[in-house]
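User: I would like to learn how to read the features of a model like this one. Please go through them one at a time.

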Amino acid sequence: MNCSEARRLQALLGAVLRELRRGANASAAAAEPGAGGDASLYILLIMIFYGCLAGGLILAYTRSRKLESKHDPYHLYIERDWGRGGPGQAAEEQRPL
């Protein structure tokens with residue numbers, strides 16, 4: 001290996017190193033706080049959307065549970081006719097022996 005090849009190799013490696021540093025500086029400039037603002041806004045909007053969806057489902061469920069009253073005719077029928085052991089038992093009690 002003679003001196004001219006070593007100098008060419010050193011010049012080539014120096015040029016590659018300068019290109020890599022220039023590329024790293026360009027990527028660091030692109031990663032400034034202003035560039036990531038859109039991503040955080042998107043994540044915030046998605047979180048708000050799913051929060052509203054979950055809140056709406058919880059609210060709808062609690063309202064539907066409030067609509068089922070104990071004085072509902074269906075619940076009174078179940079309690080009156082099926083509460084004593086079934087409909088067959090109530091019919092047998094009413095028959096004269």
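Analyst: Start with the surface. In this predicted model, the chain has an accessible surface of about 9,100 Å², and carbon and sulfur atoms account for 64% of that.

User: How much of the chain is buried?

Analyst: Of the 97 residues, 1% are buried. That class takes in residues with under 20% relative accessible area.

User: Which secondary structure elements does the chain contain?

Analyst: The chain has 4 helices and 0 strands. In sequence order, the pattern reads α-α-α-α.

User: Which residues form a nonpolar patch on the surface?

Analyst: The patch consists of Y42, I43, I46, M47, F49, Y50, L53 and L57, and together these residues have about 870 Å² of accessible area. Take I43 as an example: I43 lies in helix α2 (residues 37–67). Patch members need over 30% relative accessible area, and I43 has 49%, which makes I43 partly exposed.

User: What does UniProt list for residues 39–61?

Analyst: The unreviewed UniProt entry gives residues 39–61 as "transmembrane region". Such an annotation may be inferred rather than shown by experiment. In the model, the span 39–61 is 100% helix and 0% strand, and its end C-alpha atoms are 33 Å apart.

User: Now the charged side chains. How many salt bridges are found in the whole structure?

Analyst: Side chains of opposite charge can pair when their charged atoms come close. In this structure the search finds 1 salt bridge. The side chains of E19 and R22 meet in a salt bridge, with an N to O distance of 2.8 Å.

User: Where do E19 and R22 sit along the helix?

Analyst: Both are in helix α1 (residues 3–30); because E19 and R22 are 3 residues apart there, about one helical turn separates them.

User: Are the two partners partly exposed or exposed?

Analyst: E19 is partly exposed, at 47% relative accessibility. R22 is exposed, at 53%.

Definitions and conventions. Residues numbered from 1 in each chain as written. Predicted model: local features only at pLDDT ≥ 70, side-chain atom pairs only at ≥ 80, totals over all residues. Heavy atoms only, no water. Helix = DSSP H or I, 4+ residues; strand = E, 2+ residues; numbered from the N terminus. Buried < 20%, exposed > 50% of the residue type's maximum accessible area, 1.4 Å probe, protein only. Areas by Shrake-Rupley, 256 points an atom, 1.4 Å probe, with all protein chains shown as cover. Patch = residues over 30% accessible without salt bridge, like charges linked within 9 Å, V, L, I, M, F, W, Y side chains within 5 Å. Salt bridge = Lys/Arg side-chain N within 4 Å of Asp/Glu carboxyl O.
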